[in-house]
Amino acid sequence: MAASGHGWWRKGNCSNDRAKVFNCLYEWFTDNTWRQQACSETTTLKPGGGSTHRTAARRDCRGTERTSWRNHVEVDVIGEIDTGEKPMNQSEVNCRVY
C-alpha cells in the first residue's frame, strides 16, 4: 500500500502550452507538523492531466493508521510570470509512514 499524488495544469489564459510541473507529498505528524515524504521529478508537460500529462509522487506505507496527507503541485509555465499560489489538496488516508 502507498500514498500517492499527481500534478498537472490547466492552460487557462496562459499564452504558452508547456509548463514545468512537479508535486510533493506531505504527511501530518503527531507533533503538529507537515513533513515532506516524496516528490516527483520535474517534467515539462502540456496542459490537461490524464495518464500522459501528469507527474506522480509515491511513498510506501509502513502502517494502516488513518493519517492526513497533502499533495502540493508546483507549476511554472515556460516564458510566463508565475503567481504566488501554493495549491494543496488534503485527504485522510489509511497510510502512515512514520
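Here are legends for a set of close-up views of a predicted model.

**View 1**
Let's start zoomed out. The protein has 7 strands and 0 helices, and reading along the sequence gives β-β-β-β-β-β-β. Taken along the principal axes, the C-alpha atoms fill a box of roughly 45 × 25 × 20 Å.

**View 2**
Of the 98 residues in the protein, 32% are buried. On the charge side, there are 14 positive and 12 negative side chains. The centres of these two sets lie 4 Å apart.

**View 1. The largest nonpolar core and a second one.**
Which residues make up the largest nonpolar core? There are 8 of them: Ala3, Leu25, Ala38, Ala57, Cys61, Trp69, Cys95 and Val97. A second, separate core has 6 residues, including Trp9, Ala19, Leu45 and Val73. As background, nonpolar side chains in soluble globular proteins tend to be buried together.

**View 2. Valine 97 and its contacts.**
Here we zoom in on valine 97, a member of the largest nonpolar core. Skip its neighbours within four places in sequence, and valine 97 is in contact with Glu27, Gln37, Arg59, Asp60, Arg62 and Trp69. Trp69 from that list also belongs to the largest core.

**View 3. Serine 40, in a loop: buried or exposed?**
Serine 40 sits in the loop between strand S3 (34-39) and strand S4 (43-45). Its relative accessible area is 11%, under the 20% cut-off, so serine 40 counts as buried. Setting aside residues within four places in sequence, the contacts of serine 40 are Phe22, Asn23, Thr55, Ala56 and Ala57. Ala57 is one of the residues in the largest nonpolar core.

**View 4. Cysteine 39, in strand S3.**
Cysteine 39 is found in strand S3. At 37% relative accessibility, cysteine 39 counts as partly exposed. Apart from neighbours within four places in sequence, cysteine 39 is in contact with Asn23, Cys24 and Ala57.

Glutamine 36 lies in strand S3 and is partly exposed, at 48% relative accessibility. Not counting residues up to four places away in sequence, glutamine 36 touches Cys24, Leu25 and Tyr26. Leu25 is part of the largest nonpolar core. How far from glutamine 36 is arginine 70 in space, C-alpha to C-alpha? The two are 9.2 Å apart, and 34 residues apart in sequence.

**View 5. Two salt bridges.**
The count of salt bridges comes to 2. In one, the side chains of arginine 18 and aspartate 17 meet at 3.3 Å, N to O. Arginine 18 is partly exposed, with a relative accessible area of 30%, and aspartate 17 is partly exposed too, at 35%. In the other, the side chains of arginine 35 and aspartate 31 meet at 2.4 Å, N to O. Arginine 35 counts as partly exposed at 34% relative accessibility, as does aspartate 31 with a relative accessible area of 43%.

**View 6. Asparagine 32, with a positive phi.**
Asparagine 32 is not a glycine, yet it has a positive phi of about 65°. Where is asparagine 32 placed? You'll find asparagine 32 in the loop between strand S2 (19-28) and S3. Its relative accessibility is 56%, over the 50% cut-off, so asparagine 32 counts as exposed.

Arginine 54 lies in the loop between S4 and strand S5 (55-60). At 36% relative accessibility, arginine 54 is partly exposed. Leaving out neighbours within four places in sequence, arginine 54 is in contact with His6, Gly7, Trp8 and Leu45. Leu45 belongs to the second core. Arginine 54 and valine 21 are 33 residues apart in sequence, while their C-alpha atoms are 7.9 Å apart in space.

Note on methods:
Residues are numbered from 1 along each chain as its sequence is written. This is a predicted model: local features need pLDDT of at least 70, side-chain atom pairs count only at pLDDT 80 or more; totals for chains, interfaces and linings use all residues. Side-chain values use heavy atoms; hydrogens and water are left out. A nonpolar core is a set of buried Ala, Val, Leu, Ile, Met, Phe, Trp, Tyr and Cys residues joined through side-chain atoms within 4.5 Å. Buried means under 20% relative accessible area, exposed over 50%, partly exposed in between (1.4 Å probe, protein chains only). Contact means heavy atoms within 4.5 Å. Helices (H or I, at least four residues) and strands (E, at least two) are DSSP runs, numbered from the N terminus. Lys and Arg count as positive and Asp and Glu as negative; His and the chain ends are not counted. The place of a charge is taken as NZ of Lys, CZ of Arg, CG of Asp or CD of Glu. A salt bridge is a side-chain nitrogen of Lys or Arg within 4 Å of a carboxyl oxygen of Asp or Glu.
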